[in-house]
Structures are given as C-alpha cells and as structure tokens.
2 protein chains.
Amino acid sequence: MNVENRAEDFVHRLDAAAKAVEDKLDALLAPGPLAGEIERPARLLGAIRYSTLGGGKRLRPFLVLESARLFGFEGDGPLRAGCALEMIHCYSLVHDDLPAMDDDDLRRGRPTTHKAFDEATAILAGDALLTHAFDVLADSATHPDATIRCNLVLALARAAGLGGMVGGQALDLGAETARGALSQQEILTLQAMKTGALLRFAVDAGAILGRADEARGQALSRYGAALGAAFQIADDILDAEGDAAALGKRAGKDAERGKATLVGLLGLETAKARRNALVDEAIAALNATGLGSATATLAEAAQFVARRNN
Amino acid sequence: MNVENRAEDFVHRLDAAAKAVEDKLDALLAPGPLAGEIERPARLLGAIRYSTLGGGKRLRPFLVLESARLFGFEGDGPLRAGCALEMIHCYSLVHDDLPAMDDDDLRRGRPTTHKAFDEATAILAGDALLTHAFDVLADSATHPDATIRCNLVLALARAAGLGGMVGGQALDLGAETARGALSQQEILTLQAMKTGALLRFAVDAGAILGRADEARGQALSRYGAALGAAFQIADDILDAEGDAAALGKRAGKDAERGKATLVGLLGLETAKARRNALVDEAIAALNATGLGSATATLAEAAQFVARRNN
C-alpha cells in the first residue's frame, strides 16, 4: 500500500474499533446491577454514561486491541481491557474539568459533566468509573488466567495512580503555580506521568493479555513510551499553532495558564523535530519486536498520533 | 469472661489491630515508587498520608483480620486487604468532605484535606487512594493464589462503586434535595449501599482470603449486613441525641440538612429497638457458622458498633 492507502486503512480500522468499544462500554454500563452490587442509581448512571459514551477516537482501547492481536489474542478479552482503560481515561477528563481543577465548561462541544449534571454528581461519576475499571479487568471474562488479570490490575493501577496519571496531574497543577519554572526533564517526567503512562499501559496490556515474551514486551513498552511522548508534544504544537478544530478544545490555553510545555521551552521548530524523532523511535521499537509487517498498524498509529490533524 | 472483661479485651484487640494497620498503611504510602510507577509527587503523597494516617479505630480492617482468622488465615495478607479497604474508606471521606459534597471543614478535630491542602489536591488524593487500593489487593503479597486476589478486587469494586458506596452517596445527595420524602425501604437501600457495603466487604474479604465454604461465607455475609445496618442506625441515634464526642463530628447535622434517617422516620425508641434487633441478628448469623467461641470477638464487634460510645 502507498502512504495514503495505509492512512486510509488505518482510519478505517480505528473507526471499526471505536464502534466495538462504544457497544461494549454501553453493555458494561447498563442499568442492571452485577452480583454483589445492590442497585445502580439512575442519575449517577446517567452521568457516567454521559461521560463515557458517544464519542472519541478511542485511541487507547484501539492500542490494546492491536497490541494483543500481535500475540494472537483477539475477541472479548482485549475489548474489555480496552474499555477498562477508556473508563480511566474518561473519569480523568471528568475530574480534570471540575471547577477546582481546569474549570472547563465544554468538552468536545458538549457541556462537561459537572455542567450537564452538577459538581457532586461529576465527582461521584468519576469515582464510580475509576472503580468499575478494576471490576472489568478482574472479571474472568477478561482472561481465563487469574494471574494475567491481576497483572492487568497492577499495571493499570500503577499507570493511573499516584506514580502515574494522577501524580502527573498533581505535578501539572503545581507547575501552573510555578509558571514555567520547570526544567526540560521535569516537563518530560510530568508528561510521561500525566498522558504517557496510560498510553503505555495500552500496549503493555496487549502484551500481558497475549503473554508476550519479555524482550517483545519491553520493545512494545518502549514503543508505548515514545508514542505517549509524541502524543503530548503534538498536543502542545496544536495548542501553540492554534488549531482548535484538531485539538477538540480551545487553543492557546496552555500559554494563558502558564503551563510548562516543551514548545514553550524549545520553540516550535525544535519541538516538531523532536516529535518526528519520537515517531522514528516508536517505529524502531516496533521493528525490534521482530514481528515484521504485523506491526504496520501500530506504526501507522504513531504517525497518526504525531499528525493529529484528522 | 464477664461482660466488662469481654468489652475490655475487645478494645485491647481493636487497638492492637489499629496499630498494625497504621504501620502497614505508612509502609504502603512511602515515598519510594513501585515498579511501573514513575515517581510519587511529594505534595500529593503528603495529602494522601494526611488523609489516611494518624487516627481512626480502623474498624473495617479489624473486621477483615478477625474474619480471616476464623478460617486460619493470619499475617500480612489480611493486613494488606484491610489496608486496601481502609484506603477506600479514607478516600470516600476526603471526597465526601469536599465543598461540592458535604462541605465540611473539620474531621476528627483536624482540618479536612481540602482545607489543609487545596480542593484540587484533595480530589486527586482521593483518586490516587482509590486506585492504590486495587494495587494492594492485586499484588501477590496479599495472597499466593491469583484467583483469590481477583475475587477480592471484584468484591471490593462492587462494594465501593456504582452499585455500592458511591451509588449510596449519590442517592444520599438526591435524598437531601428531596427532603425526607424517602420510604423506609429506600432509606435502608441507601444505607446498605453508602455504609453497609464496605462493612460487609470487610467480613467477605476474610472469608475469601480464608477460602470459607459457601455456607459459612454466606452466614458471615449476613453478619456483615446486619452489622452495617446496626452501625448506620447507631450513627443516626447519636446524631439525634446530640452526642458529638462519640460521633466524632458535630451532632444534629442530619436533621439540619434534611437527611432521611430511620430515626426521623421511626422515632428514637423504635430506632433503638431496631438497632438491638440487628445486633441479635448479627450474632445469630455468627452462630450459624458453627465456629463456636472463635466468633466471640466478632460478636463483641457487633455490640461495640451498636454502642458507639467508646
């Protein structure tokens, strides 16, 4: 395939995965309580569904599906793991949008959850989504082997918690107060935690589900780390260039808020060169798996993440 | 032992367990990151430790320890499971105290987390604690058998999430708006979710860790449900009688806020009779386990919870 056909094929695969993820999330967040649950209150469930369903490229679940497929593992297990990850991603958006955090009224053109419902309901919807992600992973429907399921729970907890995403958000809030006083290394650590850790978990989850050998698991993890860094720098570039449409939110906000970004520190051109180098690094890591053309879709995902203009 | 000696012995055991729990929580929330974590940001970790360490009777972990001991399972595993449960309890207090929720400035005589730090940090500290609870359960240090660990994760997620504690809090917020329009059954469901589910999980966790047979597990679960209901009604009675010292918070707040309580619905005397009946029910469930005098401490726990005056 030529470059354009590859990109088109990629978008087709991404859309198909998004549809499957949407259907599975819809089923996982149905009104009927599971064994051990008492009831699922309607308004809270409504806020959870509002926060989770109806949109998004579902990039993180897609990466889970594609990574697991490298190791011959397809079907409901990777889809469930992808949905668990998406629940974490969605809860983090709900909490980040709160007045005490980023104080955003709109997300993807719709009122944020605390605007559509109320602040208390948004806090609780986030808490419930976060909790439910671990339910989905620990359920035997995700993988027949309980050790694999525990490894998924551990990996997600470490990617999403104190030493990962939540910790990164805390560092970011501190950085806003410090107004740009962060070093390049501090920014890289912050971004690796805030956005990188979940993206890396996506490919790690595929490797865990598919019982990848250690060398391949590590190569895939390097891919995930490079992809996550490319994703963040592409986001910073879009914000600086003012491309609100591609960004899905108002541009120029980072600078206004005094957020420390690599674009601010390195300048736009150096940042773009760095982004491209990260894509090369991601693809080199894929090649190191020795899985050949099976990794073509993940290679395309790295290009897609860096472009972020479709 | 006579009644007074039994009560004294019980308090001694409870204190010893609280000390062990405190030490283990301190170790689990140390600065050093685990494998898969990037770093633990100091201010966030400080808020988490502030919210978790330094107090409380640690009733929930105590129930885990005592329940597991019924089945011959002691040591680090039940202690870790108890700490995971305590993390969930503590996160729920941090989020419930937020301005958008109960808006409390003090808890156990100290500023609440959002007052001692800031609101964003309190939200994130709660999120990180909630996440970390599942890390602790899924780690092989909690039990050598991964199926047992997955069962703990599932049971805790269902007790704490949408169909349990978080759902109960959402119903409670709705009830405040509705101002007392709840039926007795609705109040019972709300309370079973908001406070009962975690207390019941405590004894279920002991049964899961100790591989209790189904009949004993179910009897213990009935004990946990009765204990949870007795706990809540005792809390409502203390609030109505204005015993701020025993309650650990300002009394009379429930009525002020228009919270639906059984005391409000049934009157104080009927509520007390109901509380006593629940203690009898809890003890009958213990007797149904056929474990004899081994359950004496749990029987004392039911009395203790109903008294709540020490």
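Helices (H or I, at least four residues) and strands (E, at least two) are DSSP runs, numbered from the N terminus. By that rule, B:D103 sits in the loop between α4 (76–96) and β1 (106–107) of chain B. This is a predicted model, in which local features need pLDDT of at least 70, side-chain atom pairs count only at pLDDT 80 or more, and totals for chains, interfaces and linings use all residues. Residues are numbered from 1 along each chain as its sequence is written, while chains are lettered from A and ligands numbered from 1 in the order in which they are written.

**Chain A overall**

- Chain A has 15 helices and two strands.
- The C-alpha trace of chain A spans about 55 × 45 × 35 Å along its principal axes.
- The radius of gyration of chain A is 19 Å, which agrees with the value near 19 Å for a compact globule of 310 residues. The radius is taken over C-alpha atoms, and the globule rule is 2.2 Å times the number of residues to the power 0.38.
- Of the 310 residues of chain A, 55% are buried. A residue is buried if 20 or more other C-beta atoms lie within 10 Å of its own, exposed if 12 or fewer, and partly exposed in between, with C-beta atoms placed from the backbone.
- In chain A, 71% of the contacts with a separation of 6 or more join residues 24 or more positions apart. Two residues are in contact if their C-beta atoms, placed from the backbone, lie within 7 Å.

- Ala, Val, Leu, Ile, Met, Phe, Trp, Tyr, Cys and Pro count as nonpolar, Asp, Glu, Lys and Arg as charged, and the others, Gly among them, as polar.

**Nonpolar core**

- The largest nonpolar core holds 217 residues. Such a core is a set of buried Ala, Val, Leu, Ile, Met, Phe, Trp, Tyr and Cys residues joined through C-beta atoms within 7 Å.
- The members that touch the most others are A:V153, A:L156, A:A230, A:A282, B:V153, B:L156 and B:A230.
- Beyond its neighbours within four places in sequence, A:A282 contacts A:Y223, A:A226, A:L227, A:A230 and A:A302.

**Helix packing**

- Two packed helices are described by the angle between their axes and the distance between the axes. Axes are lines fitted to C-alpha atoms, for helices over the stretch in contact, and angles run from 0 to 180 degrees between N-to-C directions.
- Angles under 35 degrees count as roughly parallel, over 145 as roughly antiparallel, 65 to 115 as roughly perpendicular and the rest as oblique.
- In chain A, α7 (146–160) packs on α9 (184–209) at about 170 degrees, with axes 9 Å apart. α7(A) is therefore roughly antiparallel to α9(A).
- From α7(A), residues including A:I148, A:L152 and A:L156 take part, and α9(A) contributes residues including A:L198, A:F201 and A:I208.
- This contact of α7(A) with α9(A) has twelve nonpolar, one polar and two charged residues.
- In chain B, α1 (3–28) and α15 (296–307) pack at about 95 degrees, with axes 10 Å apart. The two helices, α1(B) and α15(B), are roughly perpendicular.
- B:R6, B:A7, B:F10 and B:R13 of α1(B) meet B:T297, B:E300 and B:F304 of α15(B).
- By class, the contact of α1(B) with α15(B) has three nonpolar, one polar and three charged residues.

- B:D103 is not a glycine, but its phi is positive, near 55 degrees. B:D103 is exposed, because it has 12 C-beta neighbours inside 10 Å.
- B:R108, also not a glycine, has a positive phi of about 50 degrees. B:R108 lies in the loop between β1 and β2 (110–111). B:R108 is exposed, with 11 other C-beta atoms within 10 Å.
- B:E22 belongs to α1(B). With 19 other C-beta atoms within 10 Å, B:E22 is partly exposed. B:E22 and B:T52 are 30 residues apart in sequence, with C-alpha atoms 8.7 Å apart.
- B:L286 lies in α14 (268–288) of chain B. B:L286 is buried, with 26 C-beta neighbours inside 10 Å. Its C-alpha is 6.3 Å from that of B:Y223, 63 residues away along the chain.
- Not counting residues up to four places away in sequence, B:L286 touches B:Y223, B:T295, B:L298 and B:A299.
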